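Dear colleague,

I am handing over the structure below, and after it I set out what was found in it. Please read the notes with the structure open beside them.

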Amino acid sequence: MGYRSGLKKWLVAAVIAPVMILSGCSGSGDSGSLDAGSGELNTTLRIALSADVADLKPSRDQGAAAMMLDTLIHRGLLGYDGNGDVVPALAESYDVNETNTEFTFHLREGLKFQDGSDLTSENVKKTLEFLASSDSGAKIFATMSDLDSVETPDAQTAVVKLKNPNVAFPAYLADTTAAILPEEAFSAEGTAWSGAGPFILEETNPGVSFTLKKNPDFYDAANVNFEDITITIYADGQARLNALLAGDADLMDFVPWESFSQVESNSDLVLDGQSGPWMYLHFNVSNGSPLANEKVRQAIALAVNRENVATSAFSGQATVTAGAPIAEGSEFYNAELANGWSQNVEKAKQLMAEAGYADGFDAVLLSSSQYAFHQDTALSVQPDLEAIGIRTTLDSPDWATRQQKAAEGQYDIAVAGSAGVVNDPSFLVNFVTGPAANNRSYGFDDPELNQLLAAGLTAAPGADRVAAYDAVQARIIETVPFASLVARTQAFAYTNKLTGFSNIPGFLTFESGYTLVGAKLAA
Amino acid sequence: MFSARSLRRLRKSLNPVRIAGIIVVVAIIVLTLLAPFLGLPDPLAQDISNQLLPIGSEGHLLGTDRFGRDVLSRLIFGARVELVIAMGATAVALVLGTFLGLVGGYFGGIVETLSMRSVDVILAFPPIVLALLVVTIYGTGASTLIVVMGVLFAPRFARLTYGQVVSIRGMEYVEAARVFGSGPLRIVGTVVLPNVSAPLIVQAPLTLATSILLESGLSYLGLGVTPPTPSWGLMVADGQRDIVAHPSLVAVPSLAIVVTILAFGLVGDVMRDWLDPRRGMASQL
């Protein structure tokens with residue numbers, strides 16, 4: 001016994017000693033390092049990602065996982081900095097005419113795609129025209145459909161003309177969806193695993209991981225401090241956090257709300273949360289449904305207890321949104337309109353009675369069991385709806401089925417979570433009009449609201465625009481195309497050795513991968 | 001059935017662990033029957049200001065979940081749902097499986113091919129995968145679950161019955177009934193069935209236990225009972241989010257599932273040794 005335990009100790013010492021000596025000498029971890037003047041840097045970044053990306057389609061991608069890859073592999077004319085301001089990317093600069101209908105982009109010299117081919121204004125023209133074609137299914141199609149023409153006087157210049165003025169046009173082009181794509185991406189599918197971004201996809205292990213390496217031809221390659229990025233997929237939030245805690249990852253997306261305090265209490269980790277995507281109810285307002293009555297929708301918007309949603313579904317990590325989802329810091333925020341739907345059960349009951357539904361009605365409440373916060377949001381509003389007589393049955397299928405049912409109108413009331421493409425309030429158009437979609441009320445159309453939104457795009461920046469969007473918000477309060485619930489906090493967590501990365505505020509949180517250019521990881 | 005010999009066999013089949021199992025089963029059945037009269041809080045009533053209370057809080061013996069709903073109340077009302085679904089599924093399985101086994105075993109030939117090969121088809125699918133498929137197509141809910149699980153568990157009764165029927169269909173008393181001019185239906189119903197029923201009754205509590213496990217699994221995956229109806233599998237799934245700070249939310253319903261399944265298994269053992277001595281001799285817990 002004594003002999004064996006002695007042997008064990010000796011073996012342990014024999015294994016540990018060289019490791020200690022080695023690590024003491026190099027002062028770095030398990031990956032390569034490079035001297036960048038200000039201390040040792042680790043050139044491999046490991047990201048724990050919340051979902052697999054089976055198909056990268058920059059023009060259509062939504063959500064944390066796909067957009068993270070988009071920001072690393074692709075680049076558009078413009079991008080965002082850590083504050084959410086539009087900054088130059090492939091375009092060095094741009095000029096706008098007085099009426100906001102003509103944008104002239106000046107491309108950088110010597111741009112190349114990752115496959116080695118040149119990136120010229122011709123590629124810009126093709127990409128923008130692709131985004132403007134209805135069969136591209138592009139996320140910013142509503143904006144791009146206003147495209148009149150793209151002229152290319154020379155290889156470095158693209159002149160973009162719009163049919164109608166759009167002050168917010170540069171913000172749309174800064175979204176990952178407007179990445180300039182190589183020729184082969186313009187198929188019906190729009191898949192593109194190669195673009196003009198800072199990193200090249202080296203290896204894919206479907207459902208498990210991605211390996212990326214630095215793109216030496218990237219226009220800003222000097223500022224890219226990572227030689228490699230490995231992305232590992234951990235669908236479960238706690239597993240993702242455990243990977244970070246165990247040191248298997250340097251950065252994780254989508255921190256589960258119930259784990260915020262666990263991250264905050266760890267001095268080696270940084271919790272970077274921003275009020276981001278917003279949760280709301282949308283309705284099937286097709287003919288004959290009680291929900292086609294504006295008063296019923298108003299009653300619902302007034303009946304829900306938003307604090308309960310924030311507490312039960314998001315562990316308190318969400319802010320109440322009782323009007324159109326415009327963040328408090330925005331110049332378009334109007335305190336009165338932002339609280340237009342503050343809870344008032346008595347008034348809600350009265351509205352139900354006026355609408356002729358004093359005895360209430362039965363309805364199907366659509367949610368999804370795949371995301372706990374979607375189902376918990378539904379469970380939280382269920383008793384509030386019951387209180388004004390709306391007896392709901394929960395329909396909680398998997399996410400794909402939920403999306404399909406929502407798009408086909410197979411529901412009465414649906415729980416949704418979404419984000420605008422841009423922080424500019426013009427994003428609201430996507431949630432009130434257009435062909436049937438899984439994120440807006442089925443059959444809803446309010447021509448007056450559409451006109452007000454169009455007026456917002458043409459209004460002169462400043463007081464005129466603010467007034468235009470005040471009118472939009474007031475109209476939304478009245479016709480209730482959706483009933484806002486809360487803005488949830490979307491957080492990244494990372495080791496405190498990572499500097500320069502930042503969670504971009506507001507709806508832009510999923511674009512935060514942009515800030516990995518310039519970010520550094522201390523060894 | 002309750003002859004002196006039978007009672008002696010019953011006494012022999014009992015031991016302290018099995019008695020504990022019987023007590024648990026009786027307790028669960030009594031609790032679920034009396035649930036509405038126990039003065040428990042409404043299992044669906046939310047009270048966010050009292051969310052995530054620990055075990056032993058005043059008025060909430062087992063604490064509350066993230067909606068402030070009483071865990072004890074959800075556990076007991078959840079047991080009702082579990083038992084109704086499990087008993088329903090077992091009844092469907094028993095009737096369907098016994099019928100297929102009886103006709104297949106007695107008539108043979110084309111009838112046997114039809115009945116027993118369809119049983120093989122069901123057996124060819126892993127149960128949870130088949131259940132997932134059906135629930136995805138027909139939607140969630142208690143009635144779907146009862147039918148699906150009933151069909152899934154029918155083969156074990158069908159095969160059991162089939163084997164028994166084949167071994168007794170040539171017996172002299174069956175032959176005698178035929179000689180006396182009884183029709184095939186009468187023979188199957190009054191002569192064959194009573195003589196093959198013991199192992200089927202023994203199989204029932206075991207199937208009940210398996211049903212509870214499968215129902216919990218499906219509910220856990222979001223394919224079983226529709227929330228907010230309480231169900232143990234759903235409670236585990238809900239509690240999982242808070243497992244770090246409030247492990248009891250997962251532990252309590254998990255423990256309930258384990259104890260219930262174990263108890264029904266023990267009751268099954270007792271019934272096997274009591275009613276079906278030929279099969280029971282081999283094992284004694």
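Which residue in β9(A) is the bridge partner of A:T104? The partner is A:V159, where helices (H or I, at least four residues) and strands (E, at least two) are DSSP runs numbered from the N terminus.

Before going further, please note that this is a predicted model, in which local features need pLDDT of at least 70 and side-chain atom pairs count only at pLDDT 80 or more, while totals for chains, interfaces and linings use all residues. Residues are numbered from 1 along each chain as its sequence is written, and chains are lettered from A and ligands numbered from 1 in the order in which they are written.

The bridge belongs to the antiparallel pairing of strand β7 (residues 102-107) of chain A with strand β9 (residues 157-162) of chain A, which runs over five bridges; two strands pair if DSSP finds at least two bridges between them. Both strands sit in an open, antiparallel sheet of four strands in chain A, ordered β6-β7-β9-β8, with β6 (91-96) and β8 (147-154) of chain A as the edge strands, each pairing on one side only. Helix α3 (residues 121-132) of chain A packs on this sheet and touches β7, β8 and β9 of chain A, its direction making about 175 degrees with that of β8(A); contact here means that C-beta atoms, placed from the backbone, lie within 7 Å.

Elsewhere in chain A, helix α14 (residues 447-458) and helix α15 (residues 463-479) pack at an angle of about 160 degrees, with their axes 9 Å apart. Therefore α14(A) is roughly antiparallel to α15(A), a term used for angles over 145 degrees, where axes are lines fitted to C-alpha atoms, for helices over the stretch in contact, and angles run from 0 to 180 degrees between N-to-C directions. The residues that meet include A:L452 and A:L453 in α14(A) and A:Y469 and A:V472 in α15(A).

Finally, where the two chains meet, 12 residues of chain B are in contact with 15 residues of chain A.

With kind regards

Notes. Angles under 35 degrees count as roughly parallel, over 145 as roughly antiparallel, 65 to 115 as roughly perpendicular and the rest as oblique.
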